[in-house]
Amino acid sequence: MKTPSNELFQLIKSLDMAEKRYFKIYASKNSEDGGIANYVKLFDIIDSQENYDESEVKKKLGKNLFAKNFKKSKYYLYNALLTALELHHSSTSIDGKIYHLIIQTEVLVNKKLFSSAKKIIDKAEQLALENERYPQLMTVLTHKRELFRSEMNLK
């Protein structure tokens with residue numbers, strides 16, 4: 001008999017209070033009905049346990065649709081947690097800020113908004129320089145070169 005994975009349980013238990021709060025805010029903003037999504041209920045049930053007991057989790061979920069697709073629900077919750085943590089930590093880490101500025105630049109270049117993209121990539125370059133993030137600076141400069149090439153190809 002296959003034993004249930006407790007990776008989701010371990011991830012939930014590793015979260016501090018700020019991360020849990022951020023996840024719940026993130027989940028409520030991303031739920032279809034504007035309320036707390038079903039996967040937050042699953043989160044709360046697992047978080048309340050001292051030791052992971054999958055049968056107890058299923059029992060507490062009852063017979064709703066979410067419980068019927070339990071494996072998929074756990075997978076969805078795990079990925080939602082990772083996405084929320086990525087967003088939460090990207091606002092506090094220099095590397096995360098640089099990464100998101102690069103992504104924003106790519107979006108603007110794809111939309112051919114080169115002037116706006118240049119402003120954003122310049123911010124990323126300055127941030128990398130100020131914080132001596134030289135590997136990230138190389139990535140920023142590569143994107144800056146690609147921005148220049150894209151702009152020149154349209155002229």
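Reader: Why is Asp122 called partly exposed?

Author: The relative accessible area of Asp122 is 28%. Buried means under 20%, exposed over 50%, and partly exposed in between (1.4 Å probe, protein chains only). The value of 28% falls in between, so Asp122 is partly exposed. This is a predicted model, in which local features need pLDDT of at least 70 and side-chain atom pairs count only at pLDDT 80 or more, while totals for chains, interfaces and linings use all residues. Residues are numbered from 1 along each chain as its sequence is written, and side-chain values use heavy atoms, with hydrogens and water left out.

Reader: What makes Lys144 and Asp122 a salt bridge?

Author: The closest N and O atoms of Lys144 and Asp122 are 2.9 Å apart. A salt bridge requires a side-chain nitrogen of Lys or Arg within 4 Å of a carboxyl oxygen of Asp or Glu, so this pair meets the rule. Lys144 belongs to helix H9 (residues 134-154) and Asp122 to helix H8, 22 residues apart, and the pair links distant parts of the chain. Helices are DSSP runs (H or I, at least four residues), numbered from the N terminus.

Reader: Which side chain meets that of Lys144 at 2.4 Å, N to O?

Author: That partner is Glu125, also in a salt bridge. Glu125 lies in helix H8, 19 residues from Lys144 in helix H9.

Reader: Is Glu125 buried or exposed?

Author: With a relative accessible area of 17%, Glu125 is buried. Lys144, by contrast, counts as partly exposed at 23%.

Reader: How do you know that Lys13 and Asp47 form a salt bridge?

Author: Their side chains meet at 3.9 Å, N to O, and the total by this rule is 12 salt bridges. Lys13 is in helix H1 (residues 7-14) and Asp47 in helix H3 (residues 38-47), so the pair ties together parts 34 residues apart in sequence. Asp47 is buried at 19%, whereas Lys13 is partly exposed at 35%.

Note on methods. Helix = DSSP H or I, 4+ residues; strand = E, 2+ residues; numbered from the N terminus.
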